[in-house]
Each structure stands twice: as C-alpha cells, then as structure tokens.
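Q: Please take a close look at one residue and its surroundings, and then relate that part to the cores and ring pairs of the model.

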Amino acid sequence: MSTTRRGLLAAAAVFAFAFSLVLPPESSSVDATGLFGARGPGDAGFVAGHRGDRTSAPENTLPALRAAIEGPMDVVETDVRLSADGVPVLFHDHWLDRTTDGSGRMSDFTLAELQGLDAGSWFSEEFAGERIPTLESFLELLARSDKRSLIELKAFWTPEEATIVTDLLQRYGVAERVIVAAFDRHTLMSVESADPTIRRALLASKLPNDPVQLAERFGAVAIVTSFAEVRKNRWIVERTRRAGIGLILYTLNSEERWETALKLGVDGIVTDKPLKLGRWLDAATSASR
C-alpha cells in the first residue's frame with residue numbers, strides 16, 4: 001500500500017475516532033469472566049510466554065512458539081506486522097537490525113525478502129538460518145493445541161489489513177482462543193470493523209483517568225498494562241473486576257513483581273521467563289493452601 005494512501009486512511013480513522021468521542025457512550029456487554037475465570041487477591045492468573053518462550057529459542061520464531069505451546073504456560077504472546085506485500089509476519093521491532101542479519105525498516109521488505117534473512121544466529125549458532133515466520137504458520141501450530149494466544153498488532157492497521165488477520169483466525173478455528181491487542185486505538189477499531197466477534201484488548205503504557213470506560217468504548221475484554229501503572233493505581237484491579245474486564249500485566253520477570261501481581265489478583269502475567277514463573281506460581285499457591 002502506498003505511503004500516501006496509508007496516510008489518507010490514517011487521517012480518516014483519526015476523524016472517525018474523534019467523531020465517535022462526541023457520541024454518548026454505548027452500553028457494553030464486554031465480560032472477560034469466561035475467558036480468564038473469576039479471580040481474587042492471592043489467586044494465580046494465567047502465564048503468557050512473551051514472544052513465545054524466548055529463553056529457549058529466538059523470540060517470535062517457530063522454535064520459540066513451539067516451545068511455548070508445548071510448555072506448561074497457558075497463553076502464547078506474539079507480535080504481528082505486515083510485510084511490504086501485505087503478509088502478516090511475526091516480528092516485534094520496527095527495524096530488522098536487532099534480531100536478523102538484515103538492516104532497515106521491516107515493513108519495507110516483501111515476505112520473500114524477509115524470509116531470506118537469518119533470524120536466529122543473533123541468539124545462538126544452534127538457530128542459524130531460522131526464518132521470520134508468517135502468522136499463518138503460527139496459527140497452524142496453535143490450531144493443533146489447546147493453548148490460547150495474545151496477539152499484538154504493531155503500528156497502525158486499516159480495516160482491510162485487519163481483515164487479513166481475522167480471516168486467518170477464523171480459517172484455522174482459533175478465533176475463540178485468541179485476543180487481539182493493540183496500543184493504537186484506530187487499529188482496535190479496524191479489528192472490530194473486520195470481525196466484531198474477535199476479542200480485543202487495549203494496550204496502555206499509561207492508564208487514562210478511566211481505563212474501564214475507554215476499554216468499553218472500544219469493546220475490549222481486557223486491559224494490558226505495565227506493573228508500574230497498576231502499582232501506582234491499585235484501584236484499577238477492583239474496578240476492572242467489577243466491570244468484567246480482564247487485567248493483564250507486562251513484562252514481569254522477577255519474583256518480587258510476581259508476588260505483588262499474585263497478591264493483587266491480576267488475570268494474567270506476560271513474562272520472558274514462563275517456565276520459571278509457572279514453577280514459582282505452583283510453589284506459591286501450594287504454600288498458601
């Protein structure tokens with residue numbers, strides 16, 4: 001898609017978003033209870049492997065995702081961007097340089113060009129030649145399991161682009177086990193436009209004054225935010241629970257933070273250490289019985 005056309009679509013989405021804010025709030029039927037289960041302080045939430053199991057394999061590659069799916073964690077978290085020719089691939093960064101032998105902006109490369117890059121040698125020689133996977137290849141793995149997934153759409157997506165993702169979720173029969181998350185509010189609107197049955201989560205590095213109202217505005221079943229934000233605003237835990245909206249924290253890697261999250265009773269923890277967190281939760285919950 002040309003830069004000019006994307007700019008026009010983005011401007012249109014901004015206008016639509018601004019217009020929607022002057023409308024009276026709509027009633028929301030959002031409820032995450034069935035997705036996360038009822039939890040209270042001291043109850044363990046789900047464990048989500050951040051970009052797969054990135055302790056055992058390069059992040060967002062099939063080995064890391066396969067390890068997460070085959071491991072004890074409940075949820076596999078991953079990131080999706082579009083290639084220059086419109087194929088959704090699993091990749092976190094805006095630039096290729098950190099996790100591949102390529103250089104430049106990831107979205108400037110076609111799928112064929114991206115899959116010609118080495119996405120594993122930076123991690124270890126064992127994974128030399130590992131490729132950037134497509135979203136479809138991940139969904140094939142997910143469909144053969146009973147795991148759930150938190151899929152973050154990076155950057156801005158139009159409704160037409162979001163449809164590529166939602167169609168894949170439906171085709172592989174995993175739509176009921178996936179939450180699509182985004183920082184960009186217009187992208188959440190695009191997902192809803194593409195397929196309103198797909199569960200959505202609101203990513204927020206900073207919590208607004210009333211995050212529940214904002215989540216309800218966008219039909220989000222969950223809010224995904226940082227440990228620091230929830231520690232400063234502990235009222236949000238009870239507020240989301242009363243509203244039936246899930247609360248997920250990213251990216252917690254220390255026992256101190258796991259203990260605080262457990263005491264708060266959040267619904268999920270995204271971590272780079274899913275196996276270690278799983279063992280820690282088992283020990284912590286067993287000790288409390």
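Which residues does D93 touch, not counting residues up to four places away in sequence?

A: D93 touches R81, R98 and M106, with residues up to four places away in sequence left out; contact here means heavy atoms within 4.5 Å. The model is predicted: local features need pLDDT of at least 70 and side-chain atom pairs count only at pLDDT 80 or more, while totals for chains, interfaces and linings use all residues. Residues are numbered from 1 along each chain as its sequence is written, and side-chain values use heavy atoms, with hydrogens and water left out.

D93 sits in the loop between strand 3 (88-90) and helix 4 (111-114); helices (H or I, at least four residues) and strands (E, at least two) are DSSP runs numbered from the N terminus. The relative accessible area of D93 is 16%, so the residue is buried (buried is under 20%, exposed over 50%, partly exposed in between, with a 1.4 Å probe and protein chains only). The side chains of D93 and R98 are joined by a polar contact of 2.7 Å, that is, a pair of N or O atoms within 3.5 Å; within protein, one must be able to donate a hydrogen and the other to accept it, and residues adjacent in sequence count only if both atoms are side-chain atoms.

Now the nonpolar cores. A nonpolar core is a set of buried Ala, Val, Leu, Ile, Met, Phe, Trp, Tyr and Cys residues joined through side-chain atoms within 4.5 Å. The largest has 55 residues, and L135, F138, L139, I151, L153 and L169 have the most contacts inside it. Helix 5 (residues 135-143) gives the largest share of this core, 5 residues. Beyond its neighbours within four places in sequence, F138 is in contact with residues including L62, I69, T78, L90 and I151. A second, separate core has 13 residues, among them V75, A181, A222 and I248.

The structure also holds 4 aromatic pairs (rings of Phe, Tyr and Trp, its six-membered ring, with centres within 6.5 Å; planes under 30 degrees apart are stacked, over 60 edge-to-face and the rest tilted). W122 and F123 form an edge-to-face pair, 5.7 Å centre to centre with 85° between the planes. The pair of F183 and Y250 is edge-to-face because the planes stand at 85°, with ring centres 6.5 Å apart. F183 lies in the loop between strand 5 (178-182) and helix 7 (185-194) and Y250 in strand 8 (residues 246-250), so this pair ties together parts 67 residues apart in sequence. Ring pairs also link W122, F123 and F127 into a cluster.
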